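Walk through this structure with me, chain by chain.

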Amino acid sequence: MIKFNLNGKDVEVNLDPSSRLLDVLRNHFNLTGPKEGCGEGECGACAVLVDGCIIHSCCFPLANVNEKEVVTIEGFSTTKRYQTLAQSMLEEGGSQCGICTPGMMIAAESLLNQNPKPTDEEIRIGISGNLCRCTGYNMIVKAIQLAAKKGDGLW
Amino acid sequence: MVKHVIPKNLQEALNCLYTSDYHVIAGGTDLMIQKRNTADLPPLFNFNMIYLFNLEELKYVIKEETQIRIGSMTSLETLLHHEDVPQLLKDVIKEMASPGIRNMATLAGNIANASPAGDSLVALYLLDALVVLSSVNQNRYLPIEKVIVGPRKTVIQNNELIKEIVIPINTFSKTSWVKVGGRLADAISKVSFAGAVTIEDDRITDFRIALGAVYMTVVRNRSIEKMYKKLSVDSFKKMTPNILDQYQELIKPIDDQRSNKAYRMQVALNIIKDFIDKI
Amino acid sequence: MKDISQSIPKEDHVEKVSGKSLYVSDIKMDHILYAKTVRSIHPKAKILNIEIPELPKDYFVIDYHDVPKENYVKMIFNDWPVFAEKQVNYIGEPIMLIVGKNKQIINEIIEKIKIKYQVLKPTFEYQSSVIHKSFKKGDIKKAFSKPFKTISYTYETGYQEQAYIEPQGFIVYPEADGKITLIGSIQCPYYVKNAVVNTLGCPDDKVRVIQPSVGGAFGGKEEFPSVMACQLAVAVHKIKQPIKMIFEREEDMENTTKRHPSKITLSAAVDKDYRILGLKAHVSLDSGAYIGLSGVVLARAMIASTSAYTIDHLDITGDVYETNTVPNGAFRGFGAPQMIFAIEMLIHHIAKDLNIDPFSLRLAHLAKQGDKTSTSGIFRDPIIMEKMIEKATEISSYHEKVKAYQDPQIWKGIGMSWFLHGCGFTGSGESTHINAKVKLRKDSNDHVYLLVAAVDMGQGAKTSLKKIVVQTLGCEAKNVSFDNPDTDYILDSGPTVASRTTMIVGGLLARAALKLKQTWVDGKEMEVIKQYQQPEYIKWDEEAMIGDAYPAYSWGVNIVEVEVSPVTYQTKVKGIWSVYDVGKAIDDRLVLGQADGGIAQGVAYGYLEVMKHEQGKLRQKTMTDYIIPTSVDMAKTETVIMENPYILGPYGAKGVGELTLVGGAPAVALAIEQAINKKIHKIPATPEYIMELIKS
């Protein structure tokens, strides 16, 4: 039995502990935010927060979230930090097809959690594990920069 | 029926390994992908699994007088931001993978996976790291080059786990890390290089080179290094052609989907030369 | 009235940023079955025998025997089988589907399947031409009769994989009335529908295609989805149960279409005044095992042979070669990136060989309004390239840097490309092949619906097309809806390809909206339909390839600055500057977003993305091994949009989608060339290739 906190709620799952966390989130909990883009930890579409830090759920076993706090975009989207980031993404054009966007939001939150006033370079490193094929990244970087500025005090 | 154990403490983990055969898994970034099954299906482990990633007991960085002791389950991202971790190791970790993977990756995982292209291993070899292998009965302290014996091959016994990595404290005059990958993040190295030199009174008192992704294991040769200690910096630099010849003999790069022999060989030698030139 | 270019919030922003947007893999259905494809392991072989193990209850084999009508996938050239019959022609060619409830059991069944092959000798070289095209302009014999100099070079380009972050996939299910509905990650609802109708041999109204959110496509989901769709439709037709098939990344990369590798030989006849009198070109494209739409890719490549220049005498030929590799297909640019790379390198190589200034050589040949195009059409509309070039060189300090980086001790370089992109389907495609129709429907609450087949795959079509209608109607945005295309409700406005969506579909919607506005009656249900009419003066001879290949052209300038390491031969992109003429931006932010993304792909095509095969097996098939740029690899980009309204475009808009990719590769290749002081003839210009050049 694996027990953890998912998006603010305590949950218990009786599934194979070696299961990919991504599969548990999508199939058992019916979440759609974390996605499978590559299945090998490369693209970041599956990114979620575990104890506030970004991890790639496609190669993280369920056992490793035992007694941890897991937050997906569904949980994050209820926060004020999310509102600031989402608004900045809108203003800067950081989302085109949207498939990488939940992962990018998770990466941004993980970064700002640790470093509320990142430089451009630090932002690029912060999202370096999230591949985007549509935007060329610049508008996403600008959006996170804007969110850090507008969200002064949030992080 | 496959067993899955999430041990609450180190002793429980050691006892498990003593009583049955288990495969040890840390963050999962290597094993979950190597043993991958079709999407939605659990990985093809087909073995008892013991999950050590969340063993708090193995997450620490302790600075002692002459050495740094790193708990094997400390995430690479934690090491990257820890003040007591040697700068060279931080330089390596900074260019490894991505933040998400670094949050899941551990030195234990890197060592056990023993990839010929493993970046952190190059630093550990150069820094004369010791690996502490623990079992119920004993702790073995082995130099890293005695732990890894081939690609994906280690001497770790079935009843052992990697407990700690011990790195002697060094004050090099200069260290260098060069990673050559296909891109600037999320890249498996085509060639990697760690170099360190200590100069006192214009003499080389310590000189070390370690190369990754150009042989079955990390290349480090202390006999070559010894030959150049005590030389003056000028004399040392004059020996560059000899040094390059010697390392050229040691490395055996391959052709693969990432690069080719000729490139890896030439670039490895270029990097060594550049390091010496810049001393 | 507000300037339409002024950016507005993206229509689908909230759903995308919150993770609520449903892509095909997010859609769940009761009692769904899964399908997995059994594929050829040989590049060319006869299938002698197939042994299938005894299947558990409710597990099925679907193969060519189950195809009700046509075992080919309807696309431009009908040679792709739905399922291989007696022969396989590439590693990965689909032979059958195994369908069932449990993926583990499906895997076990597949492991027990025994296929007996008779291996045949595969072809991997440019040997068997299956399509040949040619056109001429002026008097090529005269141009080459007594030139001052003839300069010839051959250029090569490699594969490029679209690497959309959402892999391909479909859910296909039967309705009670025998209709089959398909939900898939697609660009062209009607390509899919028509292919399925053709393969099943069923009435048109028995197939319905619904587009969910699409996570990137770039051409990779233009024709390939029809292959999966036909296979799954055949399966659903047989077993009458819903099936979900989502590719994982490796299967997607190994088995879906990529950009055609090419080999282009160019020969220029130059007179003593350094005027390029004539150009001969031969374009070779590798189509892989099936032709598909390779003929059109070839046509576009050939037509792009003179890029942004006017050369009076041309002899352009091209061949599509079949090889026993995975079939190649559409990818943003569609033949133009290959050709623009070649011609831009040639112009520079001519200048280098003649020891003259490349910039002046280019400028002397820059196309002007009124000039004849490569296919003897006319550049009817104003061309503002001179202004664009001036702007681009100014914001990048191009001239100063070109001088400064001449020093071979400095491993820096700056490269520039000038290019155009024909907007809309090549040649007579819009009128003969597509015949786009759009519908606006107004309900009794005065709510207006856009009923078109245009797919928003990230480029913002949902936002831009709605914006055109809202602006024209002069109403509030909340009174207009553009829901994801569903073929039960929309009209076929054509595929979302060829940079036609804003200009052609948007153009039709603008006219429909105007008509609706003029005839508007409050509270009354109304409908306006508009159909594409080819402008009278656009005349195109498909056979001879003479006339106006496109109704309009968009133009661009890219400048890329690099630094190359003399130790590792790696290239670092330091800056990217672009200026584009897309007529008029329907939304500045959307166009700038397309510019950022397009140049990232174009530049990476030039120096970073490597895909090779060995005896028909692709060596790079994961996101680890196929290298696309990460955020750390991308340099700062600066883009300027310059207005040059096109009379027949909605609010003056022309095509956007592909323009921003086609010039990236030559710009970065020329920059690297300067940095290393060696001529580049191949892309991607990888560190390995750079080392080879330096050592030679």
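In chain C, 21 residues of domain 2 are in contact with 21 residues of domain 3. Two residues count as in contact if their C-beta atoms, placed from the backbone, lie within 7 Å. On the side of domain 2 of chain C that touches domain 3 of chain C, β16 (412-423) and α15 (588-607) of chain C are the elements that give two or more residues. Helices (H or I, at least four residues) and strands (E, at least two) are DSSP runs, numbered from the N terminus. That side of domain 2 of chain C divides into eleven nonpolar, seven polar and three charged residues. Here Ala, Val, Leu, Ile, Met, Phe, Trp, Tyr, Cys and Pro count as nonpolar, Asp, Glu, Lys and Arg as charged, and the others, Gly among them, as polar.

The model is predicted: local features need pLDDT of at least 70, side-chain atom pairs count only at pLDDT 80 or more, and totals for chains, interfaces and linings use all residues. Residues are numbered from 1 along each chain as its sequence is written, while chains are lettered from A and ligands numbered from 1 in the order in which they are written.

Chain C is divided into domain 1 (24-121 + 163-255), domain 2 (130-160 + 258-426 + 547-695) and domain 3 (429-531). Such bounds come from an automatic or database domain assignment. The C-alpha centres of domain 2 of chain C and domain 3 of chain C are 34 Å apart.

Now chain B. Its domain 1 spans 4-168 and its domain 2 spans 174-277. Their centres, taken over C-alpha atoms, are separated by 26 Å. Domain 1 of chain B brings 20 residues to the contact, and domain 2 of chain B brings 19. On the domain 1 side, α4 (87-94), α7 (119-126) and β8 (148-150) of chain B each supply at least two residues. Of these, α7(B) gives the most, with six residues. By class, this side of domain 1 of chain B has twelve nonpolar, four polar and four charged residues.

Chain A has domain 1 (2-75) and domain 2 (80-150). Their C-alpha centres lie 21 Å apart. Contact joins 16 residues of domain 1 of chain A to 13 residues of domain 2 of chain A. β3 (47-50) and β4 of chain A each supply at least two residues of the domain 1 side. The largest share, three residues, comes from β3(A). Ten residues of that side are nonpolar, four polar and two charged.

Next, the chains together. Chain A puts 39 residues in contact with 43 residues of chain C. The elements of chain A that give two or more residues to this side are α2 (73-76), α3 (80-92), α4 (101-114), α5 (120-126) and α6 (138-150). Its classes are 20 nonpolar, 14 polar and five charged residues.

Last, a sheet in chain B. Three strands form an open sheet in the order β1-β3-β2, with parallel pairing. Two strands pair if DSSP finds at least two bridges between them. The edge strands, each pairing on one side only, are β1 (4-5) and β2 (23-25) of chain B. β1(B) pairs with β3 (residues 49-51) of chain B in the parallel sense over two bridges. The bridge partner of B:V5 in β3(B) is B:I50.
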